[in-house]
2 protein chains.
Amino acid sequence: MLVTISDVAKATGVSSSTVSRVISDNPRISLATKKKVRKAMKDLGYYPNINARNLVVKSTKAIGVIMPASADKALQNPFFPEILRGISSVTHDMQYSLTLSSGKTEDEIFTEVQRMVYGSYVDGVVLLYSRVNDRVMNFLREKDFPFVMVGKPYEHSAEITHVDNDNLTAGKEITEHLIEQGHERIAFIGGSKDLFVTMDRETGYEEAMANLDIPNLEEYKIHTEFLKSGGREAVEQLLSLKVRPTAVVVSDDLISLGVLSTLEEYGLRIPQDMSLVSFNNVYLSEITRPALTTVDVNIYELGAQSAKALIEKTVNKQEPAKRIIIPYKFVYRDSVSKLT
Amino acid sequence: MLVTISDVAKATGVSSSTVSRVISDNPRISLATKKKVRKAMKDLGYYPNINARNLVVKSTKAIGVIMPASADKALQNPFFPEILRGISSVTHDMQYSLTLSSGKTEDEIFTEVQRMVYGSYVDGVVLLYSRVNDRVMNFLREKDFPFVMVGKPYEHSAEITHVDNDNLTAGKEITEHLIEQGHERIAFIGGSKDLFVTMDRETGYEEAMANLDIPNLEEYKIHTEFLKSGGREAVEQLLSLKVRPTAVVVSDDLISLGVLSTLEEYGLRIPQDMSLVSFNNVYLSEITRPALTTVDVNIYELGAQSAKALIEKTVNKQEPAKRIIIPYKFVYRDSVSKLT
DNA sequence: CTGTTAGCGCATTCAG
DNA sequence: CTGAATGCGCTAACAG
């Protein structure tokens, strides 16, 4: 049933260590025996047992992907499948396997990561989020376990390999785009305030607004859930203001979706009555009516680069920490009007 | 650095087998020693090494999820993240881990599955597709390796545990809905002809059409790629016909997306000039304008049930094959017009 | 109720 | 260039 190394050893008349060497293509084995052994492996249907191998070499050639709590909701945001595409593309090329986290709450995730690390399920993990004071990250640092983070680390950012966009500048520039179109009362809708993406994009927005000589209104900045329903709440808050904004920068396409449909429900026309710019350029953003002007952060590359960096790190623990910045670009569509 | 079972054995003054027994909560160990050992485990920071364990018990408590070729494209269809949500929810509850396939071509996938199986990476796999004469499936059957399939197996369906919708009836009924609205010239757009979902839905469509006394036109049935771009091609074919259909049933929301935008480009209005019904009820379908009338196949449950069935099967290899049918329901939105 | 022994499948010294 | 011996960390008889 199960063909082991010693089976092929017997079949070939060599020792099992020789077979092992053939597997790792050790140069000290003669071509003749290599051929002989390889033939036997094929004939017998031999495949290395990964667990036995992992046990002795203390490495798994597997990486874990940790989604934000909660994985179930996260997968509803097209951002994650897309980043998974990027990751899985390089894991596949490098012959690594990919284990997905599945915890719903922060606690569950933490436990899961502990198991992954202590149980040596994986050689490293990529963290698909970046929040302030994250237990998981602290744990990983403490244990000196290889990981890379997508996004900007809250602290020790020089010691943590991470791949990110320049979200601050992007936030600034996209807001400036709105300003150039004549908008002044511009609101910001973001996800949770302790998510670093949100903070960066918001800071960029604030910097752009600072150049305007209208006051930087606190009530124009709204934080909500990273979900379509988040967009709804945010809009309702915004519309209840005495003086409404004429434009809004939204930190995630999925939220924009909710913003859009709620605005529509309330009878506002986009972009005539309210302009909208967004982030991510998930394929959603070209489907909505109007299609969204958004910043394309190249999600796929975010994933691919993080996987690549992680694998480098797992093979060479001494690999220095680095920051990898993925360029973004603006995609102008139909959700912004020119104010005259 | 790494705490092993014998470390805690020494620390506690018992043998390693005793420690092993308290890990598995063996009833033959006294409560006193259990407590003592557990304390030591905690103090020392002991965590079981999964590879060592797997090696001896010959089980991994992990399942593999095989996406259709190509995983990279597949992840672009919201169907897959959603089914992953369902799967990961139950794997998590059952304390299983989840390994994702990442092959792009059929060959790559096949190799990957072989590794998973022979290398004992996983205890079982769930196949997220069903096509005629699939190498992967044949391999799995041959090896008698636990697997379940989402969709209907091409053959031996009684011996293969699968979870599916009644796609035939759904296809029939949704077509009948169109007919009830007065449509007669109804086209069908589906994915690849050797994908079983397509075939079932198409057969349903044909059965409904058979009751009409207009000829069952071959040129009204189009097969294309499971992508947005597939929708475009299909529409162009359809519009080139002498006598155009007034309605079309599309076997996947993502294809519908392409259909919709292409139709729009050609200046046709939906649903006035062309009605459209679709399948899956992926969240896309409520975003499009008009929102899609579609059949909700309960993707999440498709995933959850398949994972559940697979895990049952891995713990008990004798578990009989079963067919699990997930109910669908119609979601009526704005993409169908009444013909008078 | 607990300890001793053996072995899972493989990689890696150390000899030769 | 190859073989023998050892051990990775754990579980599972088999004793007692």
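**Chain contact and the surface near DNA strand D**

H4(B) gives the most to the surface near DNA strand D, with five residues. Near here means a C-beta atom, placed from the backbone, within 6 Å of the strand. The model is predicted: local features need pLDDT of at least 70, side-chain atom pairs count only at pLDDT 80 or more, and totals for chains, interfaces and linings use all residues. Residues are numbered from 1 along each chain as its sequence is written, with chains lettered from A and ligands numbered from 1 in the order in which they are written.

DNA strand D has 24 residues around it, of which Ser17(A), Thr18(A), Ile5(B), Ser17(B) and Ala52(B) come nearest. Two or more residues each come from H2 (16-23) and H4 of chain A, and from H2 (16-23) and H4 (50-57) of chain B. Helices (H or I, at least four residues) and strands (E, at least two) are DSSP runs, numbered from the N terminus. By class, this surface has 12 nonpolar, 10 polar and two charged residues. Ala, Val, Leu, Ile, Met, Phe, Trp, Tyr, Cys and Pro count as nonpolar; Asp, Glu, Lys and Arg as charged; the others, Gly among them, as polar.

The contact between the chains takes 35 residues from chain A and 35 residues from chain B. Contact requires C-beta atoms, placed from the backbone, within 7 Å. On the chain A side, H4 (50-57), H5 (71-74), H6 (79-93) and E2 (97-100) each give two or more residues. H6(A) gives the most, with eight residues. This side has 18 nonpolar, 14 polar and three charged residues.

E2(A) and E2 (residues 97-100) of chain B run antiparallel, joined by three bridges. Pairing requires at least two bridges found by DSSP. Leu100(A) stands opposite Leu98(B) in E2(B).

Methods:
Two residues are in contact if their C-beta atoms, placed from the backbone, lie within 7 Å.
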